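Trainee: Let us go through this model one residue at a time.

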Amino acid sequence: MRHFVGINHKPIIVDKNVKQSSSDCLCLHAQQIPRLQIVRISPLGRLCVVVLVMLLLLVLVAVVGILWVYLHFKQRYRIWAELDVPYLAPAFPVGNVADTLKPTIHFAHITERLYRELKQLGEDYAGIYFFRDPVLMVLSPEFARTILVKDFNYFVDRGVYSNEEVDPLSANLFFMEGNRWRKLRSKLAPTFTSGKLKAMFHTIVDVGTRLDQYLAERCSKVQRLDIKELLAHFLTDVIGSCAFGIECNSLHNPNSQFRVMGKRMINLPKLKALKVFFAMMFRKQARALGIRFNDKDVSDFFLGVVRDTIRYREENGVRRDDFMQLLIDMMKENGAGNGESLTFEEIAAQAFVFFFAGFETSTTTLTCALHLLSKHPEVQEKARKCVLDVLEKHDGQLTYDAVMEMEYIGCIINETLRLYPPVATLHRMTTQPYQLPNGAVIPEGVGVIIPNLAFHNDPDYFPNPSEFQPERFSIKNDFKNNFSYLPFGEGPRICIGMRFGLLQTRLGLAMLLRNFNFTIDPCEAKRPLRIDPINLLHGPAGEVWLNVERITSV
């Protein structure tokens, strides 16, 4: 017997006494060799393999991408250290503003918290990071004066995103930059002189009279009203009349197109808020993608209103003492001097921003003022006496001069703006390299934040800052050149409509206090006014309910 080891390692026994042919041996070996089998993969299997490979590639790309982003952010996070500027240590990827991802806190309150933390450093400025971008935060009123006035030429632009190619209404004074802003500002400056405001004053009074009649019909007894919505209707009518020469009649028609569009401009849905947020951080990329600030239907509405208004006035020879007429005159070559005429798009954009900025900021201020007066009846009574005393000198007539004489009303408005500034942070951007006091040079395109709400709430500048004390502003011009108080900004880019806004707010408050008393339910008196965290402006969230009662006969 002979033993052979087979392919499968098992012995093969062959009897040596048995003769075997060569063919028999070959057959025997062939039986021991395993057959190779070809595995056929189904189409579904092939698809799974392809998907698996693609997933692995995607994971690899994602890992490489995240690593690149991380290293890029880390490199950016060295900027303030390299410039020897004190700064807060950033956290990837949010920098120092992680709270912006929370839907419960307004950006102004985030900057106020950062201000308190950084002020302990004892410097005039410090660095923070807005996600990947370095931002210089101003920590003293004196350095704010430097940014806004003394070295203004280095900080001309606000750094706000705009794209007039797809959104012509964004070519307005608030968004514009550089020389275009300078030229347009010089064109529009004459539209807000005392003489022009006096000419528009009677238009505001007419709308105010309608508000008085509206309330008189409803408030012979105590009536609980959403004062915020009521004032929004009133000021929509004021701005609609002054900016467009149109009777919006929002008081009697709350769903008027002007009111609907006004809400659309201020209350951004989450998706649009994310788009605007992206556009502010990556302006070049946003322009390339055609991202727009205003929705197309909103833009088309205002462009159509301006076009129809101009056509009607020209065809019918109509002139009015309003902002729109001033713009129309500037559109004509003989109305503004050689080379100073406005285009139609420029007119539409300025009328739009006048409406946008005019009705919401004044609505916020008046709402907060009445809410504060309801919680402080002794201040409300003193204000009412001021109104009645001045009117007695003017034969009971609400004239321009009479309203401007109501100094205590001005104190109340100023104190309200201290506590609730609608624009609670001021933004600038370096338009050329700028040398800091420490000798370091920050490059062009770096953002600057002036946290004016934080200044307003700083006890070093305003003792007992949380208390409502209109008497703070009783000394005339005491805060005129004080950069701790910046409700309208300051310097060449101060709000161009400030005087108009203060005028309509003064008039509205005087008319309301003359004939109506405002109170608040005791259960709500101790609650602070809740700020809307997602509104572009710093103002109250939701309804603001007050009790209103007429105190004199019509």
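**A tyrosine and a cysteine**

Mentor: The side chains of Y434 and D151 are joined by a polar contact of 2.6 Å; such a contact is a pair of N or O atoms within 3.5 Å where, within protein, one must be able to donate a hydrogen and the other to accept it, and residues adjacent in sequence count only if both atoms are side-chain atoms. The model is predicted: local features need pLDDT of at least 70, side-chain atom pairs count only at pLDDT 80 or more, and totals for chains, interfaces and linings use all residues. Residues are numbered from 1 along each chain as its sequence is written, and side-chain values use heavy atoms, with hydrogens and water left out.

Trainee: Is Y434 buried or exposed?

Mentor: Y434 lies in strand β7 (residues 434–435), strands being DSSP runs of E of at least two residues and helices runs of H or I of at least four, numbered from the N terminus. Buried means under 20% relative accessible area, exposed over 50% and partly exposed in between (1.4 Å probe, protein chains only). At a relative accessible area of 5%, Y434 is buried.

Trainee: Where is C495 found?

Mentor: UniProt, in an unreviewed entry, lists C495 under "binding site"; its positions are given in the numbering used here, feature names are shortened, and annotations may be inferred rather than shown by experiment. C495 has a relative accessible area of 33%, so it is partly exposed. Its place is the loop between α19 (452–456) and α20 (498–515).

Trainee: How many residues of α20 are buried?

Mentor: α20 has 18 residues. It is largely enclosed by the rest of the structure, because the buried residues number 15 of the 18.

Note on methods
Expected span 1.5 Å × (residues − 1).
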